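Trainee: Could you please take me through this structure? I am new to reading such models.

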Amino acid sequence: MWSLDPSQKEVLRFAVSCRILTLMLQVLTRLLCSSTPVVYWFPAHLLQNQEPLLRSVDTVPEKLLEKNSPPGQKAPRNCIMKLLYNWRACSPVTRCILGYFLTYWLLGLLLHCNFLPWT
């Protein structure tokens, strides 16, 4: 191998260990977040318990929602779209959860399209 002085060996050892640690963290976070549904169950549980707009979706049939909507505009069938349309009426917990997932999605989209690492 190359003849390196002790300071260069320490730098090389540090660089290799940092790279291995970074790769391990990226692989672990991808593995845990993509294969563990608990990460998504907890926000869904909070939304179901804290958000009155979602409780009204469960109790009111969709046909009634479409009849009461303004002319030319249908009521959103997707619960998330309903929460986004009524952002100001949402509880603070719902705003935090939606803000987190929207920021994660947008940041991941921008970084991935620019070939930057995103975990």
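Mentor: We shall discuss the helices, the surface and the cysteines in turn. This is a predicted model, in which local features need pLDDT of at least 70 and side-chain atom pairs count only at pLDDT 80 or more, while totals for chains, interfaces and linings use all residues. Residues are numbered from 1 along each chain as its sequence is written, and side-chain values use heavy atoms, with hydrogens and water left out.

Trainee: How many helices and strands are there in the protein chain?

Mentor: The protein chain has 6 helices and 0 strands; these are DSSP runs, numbered from the N terminus, with at least four residues (H or I) for a helix and at least two (E) for a strand.

Trainee: What percentage of the residues is buried?

Mentor: Of the 119 residues in the protein chain, 13% are buried. Buried means under 20% relative accessible area, exposed over 50%, and partly exposed in between, with a 1.4 Å probe and protein chains only.

Trainee: Turning to the cysteines, is Cys90 buried or exposed?

Mentor: Cys90 is buried, at 6% relative accessible area, whereas Cys96 is exposed, at 56%.

Trainee: How many disulfides does the structure hold?

Mentor: The structure holds 0 disulfides, a disulfide being a pair of cysteine sulfur atoms within 2.5 Å.

Trainee: Where is Phe101 found?

Mentor: Phe101 lies in helix α6. Its relative accessibility is 30%, so Phe101 counts as partly exposed.
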